Amino acid sequence: MNELFWSEEIYGTGDPLVDQQHQELFKRVNMLSQTLEVEEDAEEVIYFMEFLEGYVRKHFKCEEEIMERKKCSACKLNKNEHAEFLKLYAGFKERFSIEGPSQQFGEALAVNIRNWIRANLAATDTKLRETGP
């Protein structure tokens, strides 16, 4: 498994709340990945997927409000990227409802989520650094 590891240098935004939420997001994505690697119980996988989606939605709302308040240059881009992530995740939820849990599904979901998170945090969310504390 290719886990997410927090690095202040790479992912830090300069906003303590956003950074704390990102660290929690890393933890939750890693937990989902681990569950998908070993879990064949659809209900357990659904629980983790629903929990992660709820956490992500809450985090996106919070982060977008902070970016707006701080007049971050990446605010609009970030909102668009969040919407794209939610579409991606909805597609995986639909796929899961058809296929059920499998190692192939788990790997595809985990890779897509991790890649999106790495790209969004490193390239977009870190623009918050420019706004100061």
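Predicted model: local features only at pLDDT ≥ 70, side-chain atom pairs only at ≥ 80, totals over all residues.
Local features need pLDDT of at least 70 and side-chain atom pairs count only at pLDDT 80 or more, while totals for chains, interfaces and linings use all residues. Residues are numbered from 1 along each chain as its sequence is written, and side-chain values use heavy atoms, with hydrogens and water left out.

**View 1. Packing of helix α4 against helix α5.** Helix α4 spans residues 75-99 and helix α5 residues 103-123; helices are DSSP runs of H or I with at least four residues, numbered from the N terminus. Their axes, lines fitted to C-alpha atoms over the stretch in contact, lie 11 Å apart at an angle of about 175 degrees. The two helices are therefore roughly antiparallel (angle over 145 degrees, on a scale from 0 to 180 between N-to-C directions). Contacts (heavy atoms within 4.5 Å) involve, among others, Phe85, Leu88, Phe92 and Phe96 of α4 and Phe105, Leu109, Ile113 and Trp116 of α5. By class, 10 nonpolar, 5 polar and 3 charged residues take part.

View 2. Asp125 lies in the segment after α5. Leaving out residues up to four places away in sequence, Asp125 touches Thr13, His22, Glu63, Met67, Asn78 and Asn120.

**View 3. Backbone at Lys71.** Lys71 sits in the loop between α3 (42-69) and α4. Although not a glycine, Lys71 has a positive phi of about 55 degrees. Most residues other than glycine have a negative phi. With 71% relative accessibility, Lys71 counts as exposed (over 50%).

Technical notes
Parallel < 35°, antiparallel > 145°, perpendicular 65-115°, else oblique. Nonpolar A, V, L, I, M, F, W, Y, C, P; charged D, E, K, R; others polar. Buried < 20%, exposed > 50% of the residue type's maximum accessible area, 1.4 Å probe, protein only.
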